[in-house]
Amino acid sequence: MTGLPTFLRFEVLRLLRNVRYVGITVGFPVVFYVLFLHNEHPEARIAGTTWKTYFMVSMASFGAMVASLNAGGTRLAAERASGWTRQLRVTPLPSWSYITTKIATSMIIVLPVIAVVELTGLLIGGVRLSPLTWAVLTLVLWASAFSFASLGVLVGYVASSETVYPLVTALMFLLSFFGGLFTPVPDLPVVLRHAAAFLPSYHYASLGWAVVAGRAPGAGDAGVLLAYAVVLGLAVTWRHRVDESRAFA
Amino acid sequence: MGLRGGPPRPAEPGGPALRFSGVVHRYRSIVALDHLDLEVARGETLALLGPNGAGKSTAISILLGIQRAQEGEVSVLGTDPRSAMASGKVGAMLQVGGGSGLPHGVKVRDLLSMTARLYRNPAPVARTLARSGLTELADRQTQRLSGGQAQRVRFALAIAGDPELVFLDEPTIAMDVEGRRSFWAMMRQFSTEGRTVVFATHHLDEVDAVADRIVVIRKGAVVANGAASTIKAAVPTRRVRFASKGVDPARLRELDGVNAACVRGSQVVLDSLDADATVRALVASGVSFTDIEVTGADLEQAFVALTSDLAEAHTVDDAVAPAYSAPIRRPPASRTAP
């Protein structure tokens, strides 16, 4: 039990020192925001707010998702393959602490990613929100990133170190494109509009879009994300048990 | 109650470091452990041998608390394996297959100091680095280590918590000869400080040099238990060598007691379970020979004899059967109920 803060600190620092990881997770959403800001008129009205604000939320969501999928998925699969997870099992750390720490690390990393995208919106996009709205937006996006964190960990458990990159890339593409993070859902072909309703990325961003439009976050969106988190959490627990019960040769 | 000879040990609080009694473990229909009994005294260095599939891995995962024994009792440092592991008195170095077994993106020193902090009474990091020959590599990133260096780091991880009992599974598997030599020197130093060491290996020469005692497992039960010399002496295999020209190996295999025959040029080597009978049969056969020599089994031959199907009925145990010496050729397929 006492080892948990030590291990968490170790994991967070190790992740932050990884230049490529930080570059991708922070760089992608910031660069995309700057690139696509002028795809529409920044002041164009959309879903009760302006494009520059709407798209800032989209890219913060994208960043949160990329950060979680890589923090959990890619690294976990690599560490399972290298044997590090087995080595940890023969320390005094309780067996559940590896997953818990991965999810916690993911949550800790997601916060600055969201903040950097928001800062880009403020400084480059000229997004103006009340301090309360900024705070609520950040909090809502951060708290609901839990479902991405559990998705990331699950991916790390089901994928091998070879399949994890294509899997994470595919998920990133599907979830962001079909979830309306790049093209707003009403502009998507009709079939995809229906698909969006099933994706956590769409419901995640919807919470943020509601906040910046001055509406209360939708209970339906929160419900879907919670359901995702529960199902993914159970799946993670199950995969962890399977991994654990394996004798090792 | 010491298992070894020599002067009696001081009182051992909490009994043996490790004890398996009547442990049974099955995977569906496969019996991995079949009433395994094993005891390791505190301060002892024990080698655990067995062919693949003998139940070693299962025994290891039970003693480390990764799996629970289905039947029988297991105690590690006087408690159950999981509590022993959680208490921080057990360290382990596992096999890692193809990977390094280490997380990337961290310096050796930082990895060791994090690991040390997971334990209640860890060794100072500088001492762990010195003990595992890593002082010069302390500032190296883990992904820049060679295979042998990574292996030393994994040894360092096993001892970072200053454990009373250390378990090492194939600790020298990726090392060259020099690496292995210095590894066992470090290990020796570590074990003389009163710690219990249990290791599994396939390098039988290491076993001979390092272990106080050897336990051989076969089909989930102990088939040999004793010092290397005891085990070698107990196995009836002898090697008969001589020089002879143009001799037919098939004919040599027919001789009494011969297990295997090998002819290279004029050099003949016979593995025999009854050297006396073999030599008599050789003389009677009329094969001409010179320079005959009979030698005892080395540990590798003993291991093969104990774990091959020919050895179905062998059991060597210091305590139970002090001297196994009946040189009887056993029918290959005899199956004796345990």
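**Reading the two chains**

Author: Chain B has eleven helices and 14 strands; both kinds of element are DSSP runs numbered from the N terminus, helices being H or I with at least four residues and strands E with at least two. This is a predicted model, in which local features need pLDDT of at least 70 and side-chain atom pairs count only at pLDDT 80 or more, while totals for chains, interfaces and linings use all residues. Residues are numbered from 1 along each chain as its sequence is written, chains are lettered from A and ligands numbered from 1 in the order in which they are written, and side-chain values use heavy atoms, with hydrogens and water left out.

Reader: What share of the residues in chain B is buried?

Author: Buried means under 20% relative accessible area, exposed over 50%, and partly exposed in between, with a 1.4 Å probe and protein chains only. In chain B, 50% of the 338 residues are buried.

Reader: Which domains does the assignment give for chain B?

Author: Domain bounds come from an automatic or database domain assignment. For chain B it gives domain 1 (18–89 + 164–231) and domain 2 (238–296). The C-alpha centres of these two domains of chain B lie 38 Å apart.

Reader: How do I read the interface of chain A and chain B?

Author: The size of an interface is often given as the accessible area lost when the parts come together. Buried area is that loss (1.4 Å probe), summed over both parts. Chain A and chain B bury about 2400 Å² between them, with 63% of it on carbon and sulfur atoms. On the side of chain A that touches chain B, the elements giving two or more residues are helix 1 (3–16), helix 3 (51–82), helix 4 (84–89) and helix 11 (219–245) of chain A. Helix 1 of chain A gives the most, with six residues. In total, 24 residues of chain A are in contact (heavy atoms within 4.5 Å) with 31 residues of chain B.

Reader: How many salt bridges are there between chain A and chain B?

Author: Side chains of opposite charge can pair when their charged atoms come close. A salt bridge is a side-chain nitrogen of Lys or Arg within 4 Å of a carboxyl oxygen of Asp or Glu. Between chain A and chain B the count is zero, while over all chains it comes to 17 salt bridges.

Reader: Which parts of chain A do Lys102(A) and Glu11(A) link?

Author: Lys102(A) and Glu11(A) meet in a salt bridge of 2.7 Å, N to O. Lys102(A) is in helix 5 (residues 97–125) of chain A and Glu11(A) in helix 1 of chain A, 91 residues apart. Both Lys102(A) and Glu11(A) are buried. Arg14(A) forms a salt bridge with Glu79(A), with the closest N and O atoms 2.8 Å apart. Arg14(A) lies in helix 1 of chain A and Glu79(A) in helix 3 of chain A, so this pair ties together parts 65 residues apart in sequence. Arg14(A) and Glu79(A) are buried too.

Conventions. Buried area is the accessible area (1.4 Å probe) that two parts lose on being put together, summed over both.
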